[in-house]
Amino acid sequence: MGFLDDAKEVAETTGRKVKDAFEDTADRIGDKIDEHKAEANVKKAEAERDSVEKRNEIKEDLRGDNK
């Protein structure tokens, strides 16, 4: 019985390690996705800011505020 008990214990340990590795990998992937989403939001906000600044510059030029 000792051999079967040892084999069962090894199989259970291996199963736990595989499960933990899978969960760690899933967490890392989720973290990378969150990171990329945040970067995209930053780029969008920067582009929006630049657009507003340019629009305001054009309005100022049309009003003659820059003379």
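Guide: A helix here is a DSSP run of H or I with at least four residues, a strand is a run of E with at least two, and both are numbered from the N terminus. The model is predicted, with local features requiring pLDDT of at least 70 and side-chain atom pairs pLDDT 80 or more, whereas totals for chains, interfaces and linings use all residues. Residues are numbered from 1 along each chain as its sequence is written, and side-chain values use heavy atoms, with hydrogens and water left out.

Visitor: How many helices and strands does the protein chain have by that rule?

Guide: The protein chain has one helix and zero strands. Helix 1 covers residues 2-63, with D20 among them, and H36 also has its place in helix 1.

Visitor: What sets the protein chain apart from a compact globule of 67 residues?

Guide: A globule of that length would have a radius of gyration near 11 Å, but the protein chain has 29 Å; the radius is taken over C-alpha atoms, and the globule rule is 2.2 Å times the number of residues to the power 0.38. The C-alpha trace spans about 95 × 10 × 5 Å along its principal axes, and within it the C-alpha atoms of H36 and K8, 28 residues apart in sequence, are 42 Å apart in space.

Visitor: Why is H36 called exposed?

Guide: Exposed means over 50% relative accessible area, buried under 20%, and partly exposed in between, with a 1.4 Å probe and protein chains only. H36 has a relative accessible area of 55% and is therefore exposed, whereas D20, at 41%, counts as partly exposed. Across the 67 residues of the protein chain, 0% count as buried.

Visitor: Which pairs are called salt bridges, and what makes them so?

Guide: The rule asks for a side-chain nitrogen of Lys or Arg within 4 Å of a carboxyl oxygen of Asp or Glu, and by it the count comes to three salt bridges. R49 and D50 meet at 3.1 Å, N to O, while K54 and E57 meet at 3.9 Å. E35 pairs with K32, their closest N and O atoms also being 3.9 Å apart.

Visitor: Which residues gather in a patch of negative charge on the surface?

Guide: D20, E23, D24, D27, D31 and D34 gather there. A charged patch joins like charges within 9 Å, from residues with over 30% relative accessible area and no salt bridge; Asp and Glu count as negative, Lys and Arg as positive, and His and the chain ends are not counted. D20, at 41% relative accessibility, is over the 30% limit for membership.

Definitions and conventions:
Patches are made of residues with over 30% relative accessible area and no salt bridge: like charges are joined within 9 Å, nonpolar side chains (Val, Leu, Ile, Met, Phe, Trp, Tyr) within 5 Å. Accessible areas come from the Shrake-Rupley method with a 1.4 Å probe; for residues, only the protein chains shown count as cover. The place of a charge is taken as NZ of Lys, CZ of Arg, CG of Asp or CD of Glu.
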